[in-house]
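Reader: Please show me the sequence and the model, and then take me through a few parts of it.

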Amino acid sequence: MSQTRIHNFAISLDGFGTGEPQSREAPFGHAGQRLHEWMFATRFWDAAGAAGADNAFAERHAPGIGAEIMGANKFGPPGWQDDADWDGWWGPNPPFRTPVFVLTHRPRSSIEMEGGTTFHFLDATPAEALEEAARAAGDLDVRLGGGATVIRDFLREGLVDHMHLVQVPILLGRGVRLWDGLESLEGSYSIEAVSTPSGVTHLTFSRRRS
Ligand SMILES: NC(=O)c1ccc[n+]([C@@H]2O[C@H](COP(=O)([O-])OP(=O)(O)OC[C@H]3O[C@@H](n4cnc5c(N)ncnc54)[C@H](OP(=O)(O)O)[C@@H]3O)[C@@H](O)[C@H]2O)c1
């Protein structure tokens, strides 16, 4: 059966998945690129990058994935719904190469991009969105791509099978927090942690079979 997976989602020590304010010039707000410097140094991101432990985790992002679900604020900066030409941050050939379901209260027609990515726009509950994405993924898994709000909502509904977080040793102080309203979440998952020389800690949450 299709699994719902999260990979490479970076949070600060104080649990923020992005800074503020989000804008076209600064998609992560005052966090800048600090949540992802560990990833930019990997071969997953850059052919000249390192092939160590961070890379081994990062590379798990794509294999076995047949669709992605993301939130409106990952797809674009505040107000993108007013720009009829906005088709995401990633250029004409986005890296997803699968159907991508963008959750938004202001859906629009689907956009077919180069390389196998098609953006579909859904105003739906997490369970409904997952049903649609799983159908599109066929035998493959669905990746939940973020941001923090969407991941928190899916965790709260018990819809996440596997979550890989990367805890980055910075304190953002403000932004969008992942953990609010998820008290005792740890009881539903087997959790492992691996710290790497770059200073980040990879946390994997695998849903317990009860
Ligand atoms: N740390 C990381 O690794 C990582 C990864 C990916 C993204 N990010 C960053 O995270 C930030 C975005 O996260 P976020 O928490 O602000 O927002 P988000 O989770 O991307 O999107 C939340 C928005 O999606 C729409 N939405 C959510 N659920 C919906 C539903 N069930 N039905 C209809 N619409 C729904 C709503 O927007 P509307 O009401 O406006 O439609 C909601 O405000 C960006 O800065 C992005 O760059 C970080």
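Author: Buried means under 20% relative accessible area, exposed over 50% and partly exposed in between, with a 1.4 Å probe and protein chains only. Strands (E, at least two residues) and helices (H or I, at least four) are DSSP runs numbered from the N terminus. This is a predicted model, in which local features need pLDDT of at least 70 and side-chain atom pairs count only at pLDDT 80 or more, while totals for chains, interfaces and linings use all residues. Residues are numbered from 1 along each chain as its sequence is written, and side-chain values use heavy atoms, with hydrogens and water left out.

Reader: Which residue in S7 does isoleucine 69 stand opposite?

Author: Two strands pair if DSSP finds at least two bridges between them. Strand S3 (residues 65–71) runs parallel to S7, joined by 4 bridges. In S7, the residue opposite isoleucine 69 is leucine 144.

Reader: How many bridges pair strand S1 with S7?

Author: Arginine 5 stands opposite arginine 143 in S7. Strand S1 (residues 4–12) pairs with S7 in the parallel sense, and the number of bridges is 2.

Reader: Is serine 12 buried or exposed?

Author: Serine 12 is found in strand S1. Its contacts (heavy atoms within 4.5 Å) include Leu35 and Gln167, leaving aside residues up to four places away in sequence. Because its relative accessibility is 0%, serine 12 counts as buried.

Reader: What is the angle between the ring planes of phenylalanine 75 and tryptophan 90?

Author: Rings of Phe, Tyr and Trp (its six-membered ring) pair if their centres lie within 6.5 Å; planes under 30 degrees apart count as stacked, over 60 as edge-to-face and the rest as tilted. A search of the whole structure finds 12 such aromatic pairs. The centres of phenylalanine 75 and tryptophan 90 are 6.3 Å apart, and the pair is tilted because the angle between the planes is 45°.

Reader: How many residues apart in sequence are the parts that this pair ties together?

Author: Phenylalanine 75 lies in helix H3 (residues 72–75). Tryptophan 90 lies in the loop between H3 and strand S4 (99–103), so the parts tied together are apart in sequence by 15 residues.

Reader: Is tryptophan 90 buried, exposed or partly exposed?

Author: Phenylalanine 75, at 0% relative accessibility, counts as buried. Tryptophan 90 has a relative accessibility of 25%, so tryptophan 90 counts as partly exposed.
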